[in-house]
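Visitor: I have a structure open and would like to go through it. Can you take me around?

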Amino acid sequence: MQQLVKLHNAKMMYSQAEVKLVNQKPFFEQGTLTLLHQIELLGSVREACASMGISYSKGWSIIHDAEDGVGCRIVERQPGGKNGSTASASVQGKNGWNYLKSIKAGSGGRQREYLKKFFYRAIS
């Protein structure tokens with residue numbers, strides 16, 4: 001029976017890589033992607049943070065660090081009013097998803113090209 005379990009587990013093996021964008025410290029990583037995804041689903045930074053079990057201030061810290069790192073907004077904000085505030089992932093935020101997915105999918109040799117394409121930022 002143990003041999004069958006080992007064989008079964010060996011067939012289920014796969015590789016998993018963690019990809020981060022880093023300047024002097026990581027600024028765009030899996031937590032950023034998860035937060036962006038939740039913002040896109042829920043339409044609110046506050047609700048996205050609550051769904052992830054992080055504080056609202058921690059969520060904004062993640063957003064601001066990522067935006068400072070990539071040099072553009074990753075979250076579009078619509079201030080509150082009669083109907084309350086809303087938020088969504090910006091085009092660049094969505095491009096961040098695509099960038100990290102492309103790196104995970106094996107296009108690591110073209111990182112600079114993808115950074116320019118997805119974030120519209122000159123990489124020297």
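Predicted model: local features only at pLDDT ≥ 70, side-chain atom pairs only at ≥ 80, totals over all residues.

Visitor: How many helices and strands does the protein chain have?

Guide: The protein chain has six helices and four strands. Helices (H or I, at least four residues) and strands (E, at least two) are DSSP runs, numbered from the N terminus. Along the sequence the pattern reads α-β-β-α-α-α-β-β-α-α.

Visitor: What share of the residues counts as buried?

Guide: Of the 124 residues in the protein chain, 34% are buried. Buried means under 20% relative accessible area, exposed means over 50%, and partly exposed is in between (1.4 Å probe, protein chains only).

Visitor: Now the helices. At what angle do α3 and α4 cross?

Guide: Helix α3 (residues 45-52) and helix α4 (residues 56-70) cross at roughly 110°, and their axes come within 9 Å. That makes α3 roughly perpendicular to α4. Axes are lines fitted to C-alpha atoms, for helices over the stretch in contact, and angles run from 0 to 180 degrees between N-to-C directions. Angles of 65 to 115 degrees count as roughly perpendicular, under 35 as roughly parallel, over 145 as roughly antiparallel, and the rest as oblique.

Visitor: Which residues meet there?

Guide: From α3 there are V45, R46 and C49, and from α4 there are Y56, G59, W60 and I63. Contact means heavy atoms within 4.5 Å. The residues of this contact divide into five nonpolar, one polar and one charged. Ala, Val, Leu, Ile, Met, Phe, Trp, Tyr, Cys and Pro count as nonpolar, Asp, Glu, Lys and Arg as charged, and the others, Gly among them, as polar.

Visitor: Next topic. How many salt bridges are in the whole structure?

Guide: A search of the whole structure gives three salt bridges. A salt bridge is a side-chain nitrogen of Lys or Arg within 4 Å of a carboxyl oxygen of Asp or Glu. D65 pairs with K25 at 3.8 Å, N to O. D65 is in helix α4 and K25 in the loop between β1 (21-22) and β2 (26-28), 40 residues apart.

Visitor: What does K94 pair with?

Guide: K94 forms a salt bridge with E40, the closest N and O atoms being 3.4 Å apart. K94 sits in helix α5 (residues 91-104) and E40 in helix α2 (residues 30-42), 54 residues apart.

Visitor: And what about E67?

Guide: E67 forms a salt bridge with R77, with the closest N and O atoms 2.9 Å apart. E67 lies in helix α4 and R77 in strand β3 (residues 75-78), so the pair ties together parts that are 10 residues apart in sequence. E67 is buried at 10% relative accessibility, whereas R77 is partly exposed at 23%.

Visitor: Last one: where is S44?

Guide: S44 is in the loop between α2 and α3. S44 is buried, with a relative accessible area of 14%. Leaving aside neighbours within four places in sequence, S44 is in contact with I39 and A87.

Conventions:
Residues numbered from 1 in each chain as written. Heavy atoms only, no water.
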